[in-house]
Amino acid sequence: MAVTALPDKEIDQLRKLRKKRMWRQLIELGNRILAQSGQIRAAGVHAEIAKAYIEVRQYELARKHLVVAQKLKSKNIAVLRRYGELEFALGNYEAAIKHWKKVVKAKEKKASRADRSLYLNLAKAQRNLGQLKAASRTARCGFSHFPKNLKLARELARISSMISSQTENSGEVGDTAISYRTHPYRGLDSAAYWNQTVSPKNCLEINNWYRKKFSINGLSISSAGSCFAQHIGRALRENGYEYVDAEPAPNFLRPESHHDYGYGIYSARFGNIYTSRQLLQLLQQSLGLIEPEDLIWPKDDGYVDALRPTIEPEPHIRPEEIANSRKYHLDAVKRMFKNSNLFIFTMGLTETWVSKSDGTVYPVAPGVSGGAYDPKRYSFKNLTYPEVLEDMEEFIRLVRQLNPTLKIIFTVSPVPLMATAAADNVIVSSSYSKSVLRSVAGYLKSEYDFIDYFPSFEIVGSHVMRGQFFNPDGRTVSPYGVSHVMKQFFSEHVPPIFGKDKQPDNIDPDDVVCDEELLNEFGPS
Amino acid sequence: MRILVTGGSHVVALNQGFKQLRDAGKVPASLEFILRPLGGGLSVARDFYSPRDDHVEITNPKYWAKFRQIPPPGETYGMVAVSTALYSRPVWNKSDWGVYGIPGFAKDRIPISEGLLRRAIYDDNKHIIGFLAHLRTLGMKVCIVEGPRPFRHNIEVKRNGPDLVKHIDALYRSLTLEVLSREQIPVVLVPDTAFDTDGFMLEKYRHKNPDDKTHGSSEFGLLMMERVLQFVQKNTDRPG
């Protein structure tokens with residue numbers, strides 16, 4: 001094919017589509033242009049197509065086009081820019097900064113300046129990496145060139161307030177930030193304003209609930225918590241994340257029975273973990289730091305594990321089955337914490353039942369699923385804010401000793417209490433529990449850079465959502481609600497494009513043998 | 001009376017046995033045997049049917065070449081005999097028995113409860129039992145024809161251990177017989193004379209193909225069809 005230059009009008013058409021954000025049309029036109037024309041200026045076309053793929057979140061296709069573009073013209077500014085945008089979208093901020101800095105340098109060499117969006121994106125990437133001073137310099141530089149640009153002003157203000165909250169003396173940066181805003185509520189992100197986030201929209205259109213603190217791409221993820229946590233684990237698996245399963249089911253148990261035996265719900269067979277105290281206790285046991293006394297409860301004609309009384313639908317025939325199972329389970333829990341990169345915990349309750357002899361807490365009150373309630377042996381405890389905080393900080397200390405790089409995401413279950421033992425209205429008790437848990441989660445997020453908070457509680461339960469995500473019982477969350485919650489999560493933590501390959505159907509070779517036997521005897525069907 | 005003998009691939013051996021009986025003139029003219037399998041063995045352990053008012057609809061497309069419904073439109077059966085439900089191999093042959101262990105067999109393995117094993121057993125035969133139970137409610141006589149029990153030569157028996165296999169097979173049998181008794185589904189059992197002193201099937205009942213771990217021989221088919229014939233003759237005058 002003869003090599004011909006691409007006509008200007010076709011390149012202009014691509015640019016127009018880009019400005020109108022008509023990405024699918026851009027991709028179609030770009031591919032048509034490439035098919036019909038030659039290689040001159042094709043790098044630019046590939047870059048435009050890559051931009052469109054980035055916008056529609058098809059990152060692998062974007063990368064393919066950028067690789068071709070770079071081979072054609074390795075220092076093309078548009079190609080470097082798009083590379084930066086791709087890496088930014090994937091949460092690889094260092095790589096994004098590298099590419100964009102090359103663009104800035106290339107433009108400086110040509111005695112021209114970068115455009116405003118480049119300054120803005122570079123500042124954002126630096127901010128996300130915690131390079132606040134560099135981010136501030138970039139944003140100020142951009143703002144000096146584009147003093148009327150509101151987005152740059154907002155970004156600068158945001159960076160400045162982050163720096164201010166880190167240091168008492170905000171110094172020159174703080175003064176500069178303030179000079180661009182007449183008061184602290186000016187120039188904030190739109191999510192900060194009720195009249196931009198809530199008032200003008202249908203509540204289902206609210207889409208800025210959550211801004212991730214760190215990327216979870218490529219991390220091995222484990223999860224635990226109260227019943228709402230099951231939805232999170234399932235959604236992570238279904239969306240291709242590497243989900244830790246430290247206690248997989250045996251292949252002689254049918255998939256439809258896995259959940260009944262505690263398999264495939266969380267990252268290990270711990271059942272629901274409702275309270276901070278229960279989580280801490282589990283970790284302490286797995287590390288061999290404590291050994292609860294009262295571990296086996298009688299139930300009907302058998303026995304149950306007092307700390308996992310509903311992990312199997314029928315009681316165990318022999319108590320030694322429980323002891324053996326617990327030993328393996330605790331080893332699996334330790335492995336789970338050690339091998340995960342991220343742990344997602346859904347906080348559920350503050351109410352719990354405690355052994356008076358050694359302080360062991362139980363997920364279910366004695367007598368409900370085994371055992372017997374004896375007020376001389378067990379007491380009710382409604383954990384307070386200081387107690388929950390202390391439990392969680394001790395948990396964090398121990399787990400980070402075991403796995404120093406483990407990140408944590410907390411969320412609070414929006415599901416209210418089924419019943420309260422707090423001598424109060426159950427709605428009021430629920431409000432207490434959720435308030436305490438939400439406060440602790442928020443505090444921990446602000447205190448630790450490796451802890452984030454995801455607002456499931458608010459997305460389902462805040463009054464602006466009008467309770468539409470609850471089932472008629474007013475308590476459990478509908479599948480639509482779960483889906484909406486996870487949509488907000490995945491809008492920030494974009495699922496991997498190539499998740500684990502779907503496992504082939506479990507075809508047993510005996511099926512083939514049986515079919516051949518039938519064919520030999522009875523002939524073809 | 002028309003008697004349908006169906007099920008998985010174990011129907012092959014039964015068919016071979018039936019032919020021997022028929023050729024020897026031992027099948028009374030009043031009894032019409034139709035030996036027709038549903039399909040490959042494992043599939044009956046999954047959901048394969050849907051109960052209807054006057055028949056059972058077969059929902060697994062794999063089986064449609066043989067049956068879309070039982071009884072087929074315009075046909076009736078006086079009795080339906082199914083050659084599965086007491087066949088324990090799908091539970092004990094799995095490779096994870098090298099990883100997981102029930103009480104008594106849990107050394108160096110991940111311990112699991114006997115309750116879990118019982119669930120695995122119930123899951124394996126619940127569909128075929130449900131299928132037969134529904135046929136009973138439609139007025140048909142039904143029975144189970146026991147399939148071959150473990151063969152010593154089976155490499156899976158060697159891999160998972162003969163003691164474990166015998167334990168699982170025995171539990172499978174006792175639990176399933178309990179369920180069948182509750183559902184009033186009679187069973188044509190493999191006679192005790194078919195086993196060696198350790199409880200494994202005698203070699204003569206093994207499939208002639210040495211690689212076949214699953215099926216019985218034509219001698220096994222003859223052994224069982226003789227017993228099926230006796231059962232049918234004893235039960236032709238009794239209500240379903």
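Colleague: Before we start, what should I know about the model and the numbering?
Modeller: It's a predicted model, where local features need pLDDT of at least 70 and side-chain atom pairs count only at pLDDT 80 or more, while totals for chains, interfaces and linings use all residues; side-chain values use heavy atoms, with hydrogens and water left out. Residues are numbered from 1 along each chain as its sequence is written, and chains are lettered from A and ligands numbered from 1 in the order in which they are written.

Colleague: What about contacts in chain A between residues at least 6 apart in sequence: what percentage join residues at least 24 apart?
Modeller: That's 67% of them. A contact here means heavy atoms within 4.5 Å.

Colleague: Let's look at one helix. Which residues of H18(A) are buried?
Modeller: They are A:Gly481, A:Val482, A:His484, A:Val485, A:Met486, A:Gln488, A:Phe489 and A:Phe490. These buried residues pack against helix H12 (229-238), strand E5 (342-347), strand E9 (407-412) and helix H17 (456-461) of chain A.

Colleague: How far apart are the ends of H18?
Modeller: The end C-alpha atoms of helix H18 (residues 479-492) of chain A are 20 Å apart, which agrees with the 20 Å that its 14 residues should span at 1.5 Å a residue. The expected span is 1.5 Å times one less than the number of residues.

Colleague: Switching to chain B, what does H5 pack against?
Modeller: The buried residues of H5(B) pack against helix H2 (89-92), H3, E9, helix H4 (155-160) and E10 of chain B. Among those buried residues are B:Leu164, B:Ile168, B:Tyr172 and B:Leu180. Just after H5(B), B:Gln184 takes a positive phi of about 55°.

Colleague: And H6 in chain B, what covers its buried residues?
Modeller: The cover includes strand E1 (2-6), helix H1 (11-23), strand E2 (32-35), strand E6 (79-82), strand E9 (141-145) and strand E10 (187-188) of chain B. The buried residues of H6(B) include B:Phe220, B:Met224, B:Val228 and B:Phe231. Helix H6 (residues 218-235) of chain B has 18 residues and reaches 25 Å from first C-alpha to last, close to the 26 Å expected.

Colleague: New topic: how many salt bridges are there over all chains?
Modeller: The count is 40. A salt bridge is a side-chain nitrogen of Lys or Arg within 4 Å of a carboxyl oxygen of Asp or Glu.

Colleague: What about salt bridges between the chains?
Modeller: A:Asp260 and B:Arg119 meet in one at 2.7 Å, N to O. A:Asp260 lies in the loop between E2 and H13 of chain A and B:Arg119 in helix H3 of chain B, so the pair joins two chains. There's also A:Glu256 with B:Lys126, at 3.6 Å. A:Glu256 sits in the loop between strand E2 (242-243) and H13 of chain A and B:Lys126 in helix H3 (residues 114-137) of chain B, so this pair joins two chains as well.

Colleague: Is B:Ser113 buried or exposed?
Modeller: B:Ser113 is buried, with a relative accessible area of 2%. B:Ser113 lies in the loop between strand E8 (110-111) and H3 of chain B. Leaving aside neighbours within four places in sequence, B:Ser113 is in contact with A:Glu312, A:His316, A:Glu321, B:Ile102 and B:Pro103.

Notes: Helices (H or I, at least four residues) and strands (E, at least two) are DSSP runs, numbered from the N terminus. Buried means under 20% relative accessible area, exposed over 50%, partly exposed in between (1.4 Å probe, protein chains only).
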